[in-house]
Protein chains: 2
Amino acid sequence: METTRPTRETSVDVEIINIGDELLIGQVINTNAAWMAGQLNGAGFRVATVTVIADERQAISEALEQAGKRAPIVLISGGIGPTRDDITKQTLCEFFDTKLVFNTEAYRDIEALFARRGFTMTELNRMQAELPEACTSLPNKLGTARGMWFEKNTAGSQPVIYVSMPGVPFEMKEMMTLEVIPRLKKIFATPVIVHRTILTQGVGESFLAEQINAWELALPDAVKLAYLPQPGIVRLRLTGTGREREELDRILNEAIEKLYDMIPHYIFGQEQETLEQIVGKLLLERGQTLALAESCTGGYISHLITSVPGSSGWFRGSVVAYSNDLKVSLLGVEEESLRRFGAVSETVVREMAIGAQHRLNAGYAIATSCVAGPDGGSAEKPVGTTWIAIATPDDVISSHFLYGDNRERNIRRTTLQALNMLRKQLVSW
Amino acid sequence: METTRPTRETSVDVEIINIGDELLIGQVINTNAAWMAGQLNGAGFRVATVTVIADERQAISEALEQAGKRAPIVLISGGIGPTRDDITKQTLCEFFDTKLVFNTEAYRDIEALFARRGFTMTELNRMQAELPEACTSLPNKLGTARGMWFEKNTAGSQPVIYVSMPGVPFEMKEMMTLEVIPRLKKIFATPVIVHRTILTQGVGESFLAEQINAWELALPDAVKLAYLPQPGIVRLRLTGTGREREELDRILNEAIEKLYDMIPHYIFGQEQETLEQIVGKLLLERGQTLALAESCTGGYISHLITSVPGSSGWFRGSVVAYSNDLKVSLLGVEEESLRRFGAVSETVVREMAIGAQHRLNAGYAIATSCVAGPDGGSAEKPVGTTWIAIATPDDVISSHFLYGDNRERNIRRTTLQALNMLRKQLVSW
């Protein structure tokens, strides 16, 4: 997803190598690459390639060799844990023609970590204090595997920096933030790269692309556009590359302003904002509170909301009434309504919203009820049938949706739709 | 993470190329690679390398070229969407020395898809019916971008199969399952690969490795072991490679039996099982039901449980009582207990469990209360302070834990710990 506008010429390329069998057999999703790329991008570096390989001598040496031919910075994660199946450190020694030596500082750090946790050090942990002589070792505050910073200078080639980090995500993140990125920024003069992301809900990628086609074609050369679709959400990412932050901000703001004029009804936020954060901010500003009555979303709306730090300031709580009798006893839904219309109905979802608003003593309430699937559908109410209600201080609104047959996606779509319905109520309040 | 035991010799190598700027700037996590690898592995193929590149002509041709030198099968996802920023199809034409031609079958499929959805076809969608002349095109039941299957025969090199698929995960998954893997299995005679995964909770990676060291060293040559740690869980993956499924199963079962004898208290399940599935199965077997009273976990336990299809058969519901007054009004916690001991205390968490058990009318109940962070800690109750209670038909048990300062991880650890505490109660019942 890229136009032909240049960025390569002006930014410093980085290659990422993630080592680990677990990434190649599909049991672990490579979240490290995305996180590393995001951080590097923000610091003005450009990730050109990510390579994932097994923890095998030949694969590692080849990947190190090739990455170093393409980029002046190669960042490696994984393969340096305490267990016997990790071969990366030995391979690094061979590649940099050096040997393992015992590092007293590293040993003391590992000792201290184990003392803090009250665990006993093992022989495998002691071996982690042996590090390649040729590297600058980087502290690991959260684990036993230190980082290793190498510089390779080969006659006739550009010098290349290689950094090996642990694969455990939170250890790698701490090391990238505290050590690797600050050191790289001292060495490389990076261009200014500014990313801006516009978040839309309720419109598909190709339809959106048609709608904003003229705007896209008129974007200035310094700006690239990418479409990033997710279930229920399409993100538009604008990337500006140049010399001056202020100039880029001006160009991007202008483009974004035009976009808001063009499709105001689809845009719900910007950047890393989430609907739950936006809703929380709007509630706080209005001195209002929220309660939930969840049936098919089963606690997912509540989970997203309580993942926001400080949500206790505006979130009262949730009743996940998975069984019908709890809809009656905990939310005050009429037994007659359940009998006549069924749990997945406009009447019941409205009663759930009102019940949550009153019994949980909140200004606003969301209620959801749907046939999430894979089973439980009928001719009248197929899998994907969804009702959402929002109780506000003055009113109750309700809407019907028909989603697909994937349980996980139905829960997610219902959740996003419900939060966006609440947002629209709050904005127009 | 790998021992030196051979697998490369006996399985057919596949390279995966994922195309997309969005994967290189950190806004989208590459879940496609993990899914593809898992499916390929199960079918007896070995993913040797995953390469992630931008949607740029040069990067794509280089990656195609290099992957084809290393493996006889190259699977590509991404870069063939309807928007103007995708350049992959043009680059494939150049690489295979062919040109785009209008494909009537593809056009009809796209037309039919739009008719079903009630959308209007755009010019960009019409262009998706233009496909390289040299490829066999593969149907896409769920979207507009067809798959493209190429075979490259270069004098002096091994023939290579290249398949280009959409990057949208559910479209790619459908195409892999229905078209790509069945076609590959017809062409290649693959060895038998059997993976078995043992799930442990409550023990760190290095401590576990020491405990099972003798067992690990005594594993037969056909079996490889890898440690896959996650917050709160360490998975042990055993991979057997050979000719006969039955023989491999026998060897693996024997090894796993020995492991159960060695560390029975750490193992909670196998394979892709989750604690919520296991707990659900145990409750169903016993004709029992579960209710939750969640404070700091904020609906996350409920979300995991309701993600399990059929959970309505044993899950009653949850009260997420985020504010203290709701702990009193919805769960019957004594105001006096909150005043004397605070919400994060043994007394309150036990009263929450009993309240959920009675008011939600369930055989078992879980209650959680903790200081999730990042704020809200005190000298007496620092961030990470956690209380969990389990109410059973006969008893209430409660335990205290001290986790770290990361909100997300604390919520997850508390959730896993609570589910495992319930599991142990159910097993000993």
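Predicted model: local features only at pLDDT ≥ 70, side-chain atom pairs only at ≥ 80, totals over all residues.
Local features require pLDDT of at least 70 and side-chain atom pairs pLDDT 80 or more, whereas totals for chains, interfaces and linings use all residues. Residues are numbered from 1 along each chain as its sequence is written, chains are lettered from A and ligands numbered from 1 in the order in which they are written, and side-chain values use heavy atoms, with hydrogens and water left out.

The size of an interface is often given as the accessible area lost when the parts come together. Here, chain B and chain A bury about 7,500 Å² between them, of which 53% lies on carbon and sulfur atoms; buried area is the accessible area (1.4 Å probe) that two parts lose on being put together, summed over both. To the contact (heavy atoms within 4.5 Å), chain B contributes 90 residues and chain A contributes 91 residues. Between the two chains, six salt bridges are counted, a salt bridge being a side-chain nitrogen of Lys or Arg within 4 Å of a carboxyl oxygen of Asp or Glu. B:Asp21 and A:Lys224 meet through their side chains in a salt bridge with an N to O distance of 3.0 Å.

On the side of chain B that touches chain A, strand E2 (residues 45-53) of chain B supplies the largest share, eight residues. Helices (H or I, at least four residues) and strands (E, at least two) are DSSP runs, numbered from the N terminus. By class, this side of chain B comprises 35 nonpolar, 31 polar and 24 charged residues; Ala, Val, Leu, Ile, Met, Phe, Trp, Tyr, Cys and Pro count as nonpolar, Asp, Glu, Lys and Arg as charged, and the others, Gly among them, as polar. Strand E2 (residues 45-53) of chain A is joined to E2(B) by five bridges, and the two run antiparallel. Strands pair if DSSP finds at least two bridges between them. Within this arrangement, A:Ile53 stands opposite B:Thr49.

In chain B, four strands form an open sheet in the order E10-E11-E9-E12, with antiparallel pairing. Strands E10 (223-230) and E12 (267-270) each have a single partner strand and stand at the edges, so one side of each lacks a neighbour in the sheet. Neighbouring strands are turned by 25 degrees against each other on average, direction ignored. Axes are lines fitted to C-alpha atoms, for helices over the stretch in contact, and angles run from 0 to 180 degrees between N-to-C directions. Strands E9 (residues 192-201) and E11 (residues 233-242) of chain B pair in the antiparallel sense over 10 bridges, with B:Arg196 opposite B:Leu238. Helix H10 (residues 245-262) of chain B packs on the sheet, touching E9, E10, E11 and E12, and its direction makes about 15 degrees with that of E9(B).

The peptide bond from A:Gly373 to A:Pro374 is cis, with omega near 0 degrees; A:Pro374 lies in the loop between strands E15 (364-370) and E16 (385-391) of chain A. A cis peptide bond also runs from B:Gly373 to B:Pro374.
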